[in-house]
Structure formats: C-alpha cells, structure tokens
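Subject: Structure for you to look at, with notes

Dear colleague,

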Amino acid sequence: MRDHYVEQFSDFAVRQKEGAGRGAAEVKLQLGEASQLFGRMYCADFVKNDDESRVVEFWPEHVLEFQQINGSFGQTALTIDYLRWDDILFIHDVEALPADALANWFRHWFDPDEERYDAKAALSGIAHSMVVTAKQVSVDLGTAAPVAFWDMLQLIADAGATHVRISTSRIENDPDQ
C-alpha cells in the first residue's frame, strides 16, 4: 500500500516541481491555535511559491482495494476495512491513549524538529498529519516507511486495546457511504 501510494506521490511531486517557478514537496507548516492537528503541525504535499504561496494537495488516482481482513495483532483483534496510506483511521476501544506515547510517535514519524532531514533525499519519509480524538487516531502517513503504521498499531495495542479497526474517512466507490 505504501509503495503504491509513494510511487504516485513521487510522480506528483516531480510534475509540481516542473510546473512551478518555485516550490517544494513536503513542506511543514505550523498552524494556529484553533487547529485540531497534533502539535498544530501539518506537512503540505506541495507548496508553490511563485507570486504567492499556495498549497497543492495530492489526490492519488489509484487506490488499492481489497476484501475486509480479520485477524489479530498480538492479543488485539484486528479488522482492516480500508487502507489508504494518506488517510488511515485507527479506531480502537481504549478510553485514552497515553499522551507521551503519542508524542513520541509524532516526534519520530512527523519529525517536527527535522532531526532526520536529508536534503539529498527525494522525499522526506515522514507522516504528514495526525489527529487524535476519542477512540480514534487519524493519520496521513505521507511518505513514512511502513513501520510507521505498525508502530501506531503497537502503541494502541500496548495501551490495552482489545480491538482495532482500520478504515478511512474517504471511501470511494462505496454506495453505502
């Protein structure tokens, strides 16, 4: 899933760079107090900066589909309904996830201080956003490695989840949604 998404994202970034006088892919933005994003930070897919700055969002043309998967992750029951790398909902049954564990996941996978930044790399390898609400974590995994997904699942399981359902907030071609 990640490789399929990142291949399309990479093509998008190249096309945007070719069409922009000035611009860059994966630009981190600090948002205002009203933002619900974790750390009030967001990584824009691409920012064009010709006459004025403008965020350009990437919408993949092709999203892989599959039948529902039921299984387990350690002692945690796991259901995967949909999996969109840029819009993953981890729906769980834990009253509150540990704030320090969420902050550590975000610090590593979003890398707000750019400790892992590599100017020579084509893509950053980071998550683009995270929103934590009651019994749900919504993540745009951006160009992060697949282990980012498993790390979040482990965080939720370690917090005592007995069931986790993976879904998305954007379900295409589903007449029931």
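Leaving aside its neighbours within four places in sequence, Ile88 is in contact (heavy atoms within 4.5 Å) with Leu83, Val137, Ser138, Val139, Leu141, Phe149, Ile166 and Ser167. Ile88 lies in strand S6, where helices (H or I, at least four residues) and strands (E, at least two) are DSSP runs, numbered from the N terminus. With a relative accessibility of 0%, Ile88 counts as buried, a word that here means under 20% relative accessible area, while exposed means over 50% and partly exposed lies in between, using a 1.4 Å probe and protein chains only. Between Ile88 and Trp150 there are 12 Å in space, C-alpha to C-alpha, although the two are 62 residues apart in sequence.

Before going further, please keep in mind that this is a predicted model, in which local features need pLDDT of at least 70 and side-chain atom pairs count only at pLDDT 80 or more, whereas totals for chains, interfaces and linings use all residues. Residues are numbered from 1 along each chain as its sequence is written, and side-chain values use heavy atoms, with hydrogens and water left out.

The mean pLDDT of the protein, pLDDT being the predictor's confidence in each residue from 0 to 100, is 92, and 95% of the residues reach 70 or more. Over residues 173–177, however, the pLDDT is below 50, and this stretch has three contacts in the model beyond near neighbours in sequence. Where pLDDT is low, the predicted coordinates should not be read in detail.

As to the overall architecture, the secondary structure comes to three helices and nine strands, and from the N terminus on the elements run α-β-β-β-β-β-β-α-β-β-α-β. The radius of gyration, taken over C-alpha atoms, is 17 Å, close to the 16 Å that the globule rule (2.2 Å times the number of residues to the power 0.38) gives for 177 residues, so the protein is as compact as a globular protein of that length. Along the principal axes, the C-alpha atoms fill a box of roughly 50 × 35 × 30 Å. Of the 177 residues, 42% count as buried, and among contacts between residues at least 6 apart in sequence, 66% join residues at least 24 apart.

Helix H1, which covers residues 2–19, has 18 residues and reaches 25 Å from its first C-alpha to its last, close to the 26 Å expected at 1.5 Å a residue, the expected span being 1.5 Å times one less than the number of residues. Its buried residues are Tyr5, Val6, Gln8, Phe9, Phe12, Ala13 and Gln16. Seen down the axis of H1, these fall within an arc of 160° (that of the directions from the helix axis to the C-beta atoms), so they line one face of the helix. On the other side of H1, Asp3, Glu7 and Glu18 are exposed, and what covers the buried residues includes strands S1 (23–30), S2 (41–49), S3 (53–56) and S8 (136–140).

In helix H2 (residues 99–109), the residues Leu102, Trp105, Phe106 and Trp109 are buried. Seen down the axis of H2, its buried residues fall within an arc of 95°, so they too line one face of their helix. Their cover includes S2, strand S7 (129–133), S8 and helix H3 (147–158), and H2 is followed by Asp111, whose phi is positive, near 55°.

The structure holds six salt bridges, each being a side-chain nitrogen of Lys or Arg within 4 Å of a carboxyl oxygen of Asp or Glu. One of them joins Lys28 to Glu114, with the closest N and O atoms 3.8 Å apart. This pair links distant parts of the chain, with Lys28 in strand S1 and Glu114 in the loop between H2 and S7, 86 residues apart. Glu114 counts as partly exposed, at 40% relative accessibility.

Another salt bridge is formed by Asp86 and Arg84, whose closest N and O atoms are 3.2 Å apart, and both of these residues are buried. Asp86 lies in the loop between strand S5 (76–80) and strand S6 (88–92), and, leaving aside its neighbours within four places in sequence, has among its contacts Tyr5, Phe58, Pro60 and Arg170.
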